[in-house]
Amino acid sequence: MISYHPDSRYLTDFATANLPLAEAVCVSAHLEFCGKCRTHVQQLTDVGSHMFTRLQPEAVSEDSFAALMARVSAGAQQERAPAVTVAAEVAADEAAEAAQSHVFLPRAVRRLVSGSLDKLRWVQLGKALRVAPLRVSDESRDTAIYDIRAGGRMPEHEHRGDEITVLLQGSFSDADGSYSRGDFVVRHAGETHQPTATMDKDCLCLVCLERPVRPRGLLYRLLEPLVNYRLQRLNRSMA
Amino acid sequence: MSSSEDNNAGSLRKALAGAGPLGQPDPWEACIRKVAQQQDREEFKKLFDHYAPMIKAFLTKGISSYADRSLAEEMTQEVMFKVWNKADSFNPAKASVNTWIFTIARNTRIDFIRRNGRADRTIDIEDIWHEADSPEPVVELQQRRVETMIRHAMTTLPEEQALVLEKAFMESKSHNEIAEELALPLGTVKSRIRLALSKLQILIDR
């Protein structure tokens, strides 16, 4: 049962394709779990489509159609070739994903992890948590997969920027509630929390951070530069 | 209309949806079908003449802060090229032709902006904004009804609400960008858009 959804701002900015790419990945992932939000996005797209039909048309140049058909005729072979490659790549990804685990990953996440969670570069942070950064071509945000061991507890931390978490598997809870598969959880700058995975299952999350979070405990504050250093080094080596 | 579509569910859907007045089929569906099945260039010309000027108008508004207006012409051709190539993936059960083409134009625009920004993309725009989001059949039926309803309700919106919708959907601006441009608090923009959407019976955040 999904209880936490993106608000109207996220859904509208998603439907108009105006959301930062990393946040759009999070909304897109949630939509695959949530029929209600999918319907909203379709309704919003219909609003756009309706306005689109009411625009004052702008004449295209006279030779535009002829040029297009020349391109269709000339490029039929070459233009179609990349599409086949992409489709084959997607199929290969999906096969790899299906083979390696039983975790369902939304399409956008599947592409970002190249089909398999095992291929990611995991950084172990303490006993209960490991993190794998994802490259989303969005410099304003850090995107990562968090894997919290069943019953594991993350360090209590405060957010310096907004954080979106989409639960891909398992569940976790914090002082404000408990969250399960498909939930879209937003924490705003200044909020503090300490998520704990439920006992029976590992918890897998897609996380998008506006800026790095600041762990609160002295130990973690001391560790933070090290963690950031390791993540940065990893990001660099992936780039 | 093919005979397979001419069943009860199909007729009901037509009655609820339709690009024209209630009960009338979307005239552009047949065009797309002929393009898909027979690569019919005459039918495609009709689509082009109708949609290309709308697409150009949309792109001109949507890329003005990123690029020269002349680029809109080139991108319009790109959108229509995709329409030609993807015609066989058009599914009238999921979207009207208007919505389908609008979606392609929207994705082409965001793809352009991303490419313009940087080349090293690890994910395709269509992995995020899927064209083929498929709701469950029951939801779909409700959805078609909503599409008709939206069309009627749009005309009744107060001007300040219509304005923010126009900026979001046609000028392709985010809530933040609209707030900045109109010198309004983000919360005001958000509530205006929410009010407008709830008048259109799109009830989010409940």
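A: Begin with pairing: two strands pair if DSSP finds at least two bridges between them. The model here is a predicted one. In chain A, strand S1 (residues 123–125) is joined to S2(A) by three bridges, and the two run antiparallel.

Q: Which residue is the bridge partner of Val123(A) in S2(A)?
A: Val123(A) has Val131(A) as its bridge partner there. Between S1(A) and S2(A) lies a hairpin with three residues between the strands, and in this hairpin Gly126(A) takes a positive phi near 80 degrees.

Q: Over how many bridges do S2(A) and strand S3 (residues 142–148) of chain A pair?
A: S2(A) and S3(A) pair over six bridges, in the antiparallel sense. As an example of residues facing each other, Ala132(A) stands opposite Ile145(A) in S3(A).

Q: Why is strand S2 of chain A described as largely enclosed by the rest of the structure?
A: The reasoning needs one cut-off: a residue is buried if its relative accessible area is under 20%. Strand S2 (residues 129–134) of chain A has five of its six residues buried, so the strand is largely enclosed by the rest of the structure. As a general idea, side chains in a regular strand alternate between the two faces of the sheet.

Q: What is the strand order in the open sheet of three strands in chain A?
A: The order is S7-S6-S10, and the pairing is antiparallel. Strands S7 (177–180) and S10 (196–197) of chain A are the edge strands, since each pairs on one side only. Strand S6 (residues 171–174) of chain A is joined to S10(A) by two bridges. In that pairing, Ser173(A) stands opposite Thr196(A).

Q: How many helices and strands are there in chain B?
A: Chain B has ten helices and zero strands. Its pattern along the sequence is α-α-α-α-α-α-α-α-α-α. Of the 206 residues in chain B, 51% are buried. Chain B exposes about 9,600 Å², and carbon and sulfur atoms supply 51% of that area. Among contacts in chain B with a separation of 6 or more, 60% come from residues 24 or more positions apart.

Q: Which domains does the assignment give for chain A?
A: The assignment gives domain 1 (8–89) and domain 2 (115–238). In chain A, eleven residues of domain 1 are in contact with 16 residues of domain 2.

Q: What area is buried between domain 1 of chain A and domain 2 of chain A?
A: The general idea comes first: the size of an interface is often given as the accessible area lost when the parts come together. For domain 1 and domain 2 of chain A, about 1,200 Å² is buried, with 76% of it from carbon and sulfur atoms. Tyr10(A), Cys26(A) and Phe33(A) supply 44% of the area that domain 1 of chain A buries against domain 2 of chain A, more than any other three residues. One salt bridge is found across this interface. A salt bridge also joins the side chains of Arg141(A) and Glu23(A), at 2.9 Å from N to O.

Q: How many residues of chain B are in contact with chain A?
A: In chain B, 76 residues are in contact with 62 residues of chain A. The area buried between the two chains is about 6,500 Å², and carbon and sulfur atoms give 61% of it.

Q: What is the count of salt bridges between chain B and chain A?
A: The count is five. Asp127(B) forms a salt bridge with Arg111(A), with the closest N and O atoms 3.1 Å apart.

Terms used:
Residues numbered from 1 in each chain as written. Chains lettered and ligands numbered in written order. Predicted model: local features only at pLDDT ≥ 70, side-chain atom pairs only at ≥ 80, totals over all residues. Heavy atoms only, no water. Helix = DSSP H or I, 4+ residues; strand = E, 2+ residues; numbered from the N terminus. Buried < 20%, exposed > 50% of the residue type's maximum accessible area, 1.4 Å probe, protein only. Contact = heavy atoms within 4.5 Å. Areas by Shrake-Rupley, 256 points an atom, 1.4 Å probe, with all protein chains shown as cover. Domains from an automatic or database assignment. Buried area = accessible area lost by both parts, 1.4 Å probe. Salt bridge = Lys/Arg side-chain N within 4 Å of Asp/Glu carboxyl O.
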